[in-house]
Amino acid sequence: MIGTDQLAYWLIFALSAGSVVVGSYVGYQAYRGFRRHDSRPMQYLSIGLFLLTAVAFGLSFVGSILLQMQVLPPETFQQPLTLLTRLLQFLGVFFIAYSLHKR
């Protein structure tokens with residue numbers, strides 16, 4: 001029987017992996033829309049969605065696994081990984097906002 005802590009761990013793992021997969025799909029669909037309509041705002045939207053969902057979630061997901069398994073020493077890499085993840089999230093939101101105002 002699986003304990004509550006282990007079940008929560010696997011649920012978090014599955015949701016994180018699912019976010020990366022779904023985010024990649026959404027970013028890809030936005031990119032297809034850009035290619036189909038040759039729309040600059042759609043290009044910025046696709047870049048923003050991809051950075052915000054797939055790249056930032058992927059980095060956070062892989063980074064947290066590497067930190068938990070102590071492949072990377074947490075005292076050295078936890079803060080830079082967090083900073084890089086937040087930077088990618090900011091850039092993603094920035095590109096999305098820019099796409100909404102680009103004419």
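**Figure 1. Packing of helices H1 and H2 in a predicted model.** Helix H1 (4–37) and helix H2 (40–68) pack at an angle of about 155 degrees, and their axes are 8 Å apart. Helices here are DSSP runs of H or I with at least four residues, numbered from the N terminus; axes are lines fitted to C-alpha atoms over the stretch in contact, and angles run from 0 to 180 degrees between N-to-C directions. H1 and H2 are therefore roughly antiparallel to each other, a term for angles over 145 degrees. Their crossing is left-handed, that is, the near helix is turned anticlockwise from the far one by less than a right angle. The contact of H1 with H2 comprises 15 nonpolar, eleven polar and no charged residues. In this classification, Ala, Val, Leu, Ile, Met, Phe, Trp, Tyr, Cys and Pro are nonpolar, Asp, Glu, Lys and Arg are charged, and the others, Gly among them, are polar. Residues are numbered from 1 along each chain as its sequence is written, and side-chain values use heavy atoms, with hydrogens and water left out. Because the model is predicted, local features need pLDDT of at least 70 and side-chain atom pairs count only at pLDDT 80 or more, whereas totals for chains, interfaces and linings use all residues.

**Figure 2. Packing of helices H2 and H3.** The axes of H2 and helix H3 (residues 74–101) come within 7 Å and cross at roughly 165 degrees. This angle makes H2 roughly antiparallel to H3. H2 passes H3 in a left-handed crossing. Sorted by class, the residues of the contact of H2 with H3 are 21 nonpolar, eight polar and no charged.

**Figure 3. The largest pocket and its lining.** The space in the largest pocket is about 220 Å³, a volume being the space filled by probe spheres set on grid points that are joined across faces, edges and corners. A pocket is an open set of points on a 1 Å grid over the protein atoms alone, where a 1.4 Å probe fits, with protein on both sides within 12 Å along at least five of seven lines; lining residues have an atom within 4 Å of a point. Among the lining residues are Tyr9, Phe13, Phe57, Phe61 and Gln68. Helix H1 and helix H2 are the elements that give two or more residues to this lining. By class, the lining has seven nonpolar, five polar and no charged residues.

**Figure 4. Asp38 and Ser39 in the loop between H1 and H2.** Asp38 has a positive phi of about 50 degrees although it is not a glycine. Asp38 is exposed, with a relative accessible area of 64%, while Ser39 is partly exposed at 23%. Exposed means over 50% relative accessible area, buried under 20% and partly exposed in between (1.4 Å probe, protein chains only).

**Figure 5. Gln70 in the loop between H2 and H3.** Most residues other than glycine have a negative phi. Phi of Gln70, however, is positive, near 60 degrees. Gln70 counts as exposed, at 63% relative accessibility.

**Figure 6. Val93 in helix H3.** Val93 counts as partly exposed, with 46% relative accessibility. Val93 and Thr53 are 40 residues apart in sequence, and their C-alpha atoms are 10.0 Å apart in space.

Methods. Parallel < 35°, antiparallel > 145°, perpendicular 65-115°, else oblique.
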